[in-house]
Amino acid sequence: MEPKVLKGEDADRLIIQLLSEAGRPLTTREIQAETERRLVRCPDSTVVFLNKLRLSGTIHGEMSKERRGWVWWV
């Protein structure tokens, strides 16, 4: 089954929901795995979409040496 591509506010809400439910910062890989599990995907590549949300102030993100990649939180 082909994943549904979320757009606009639907995509924003999904990422915010995932990060809120997790209660801890998630890596890009963890977010991508969860969206794939739900059979949806971001309108751009996951990292590009997350960075757009970060730049707009919707979510926070930073590079983590311990987790070897970006981590994201609300």
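A residue is called buried when its relative accessible area is under 20%, and exposed when that area is over 50%, with partly exposed in between. Keep that scale in mind as we walk through this predicted model.

Let's start at T27, which lies in strand β2, spanning residues 26-27. Its relative accessibility is 7%, so T27 counts as buried. What is T27 in contact with, once its neighbours within four places in sequence are left aside? The partners are R67, W70, V71 and W72.

Two of those partners, W70 and W72, lead us to the aromatic rings. Searching the whole structure turns up one aromatic pair. In that pair, the ring centres of W70 and W72 are 5.2 Å apart and the planes meet at 20°; planes under 30 degrees apart count as stacked, so this pair is stacked.

In soluble globular proteins, nonpolar side chains tend to be buried together. Here the largest nonpolar core has 15 residues, and W72 is among those with the most contacts inside it, along with I15, L19, I31, F49, L50 and I59. Two elements give two or more residues to this core: α1 (8-22) and α3 (46-55). Of the elements, α1 gives the most, with five residues.

Leaving aside its neighbours within four places in sequence, F49 touches A11, D12, I15, C42, P43 and D44. One of these, I15, is also listed with F49 among the core residues with the most contacts.

Conventions
Residues numbered from 1 in each chain as written. Predicted model: local features only at pLDDT ≥ 70, side-chain atom pairs only at ≥ 80, totals over all residues. Heavy atoms only, no water. Helix = DSSP H or I, 4+ residues; strand = E, 2+ residues; numbered from the N terminus. Buried < 20%, exposed > 50% of the residue type's maximum accessible area, 1.4 Å probe, protein only. Contact = heavy atoms within 4.5 Å. Core = buried A, V, L, I, M, F, W, Y, C linked by side-chain atoms within 4.5 Å. Phe/Tyr/Trp six-rings, centres within 6.5 Å; stacked < 30°, edge-to-face > 60°.
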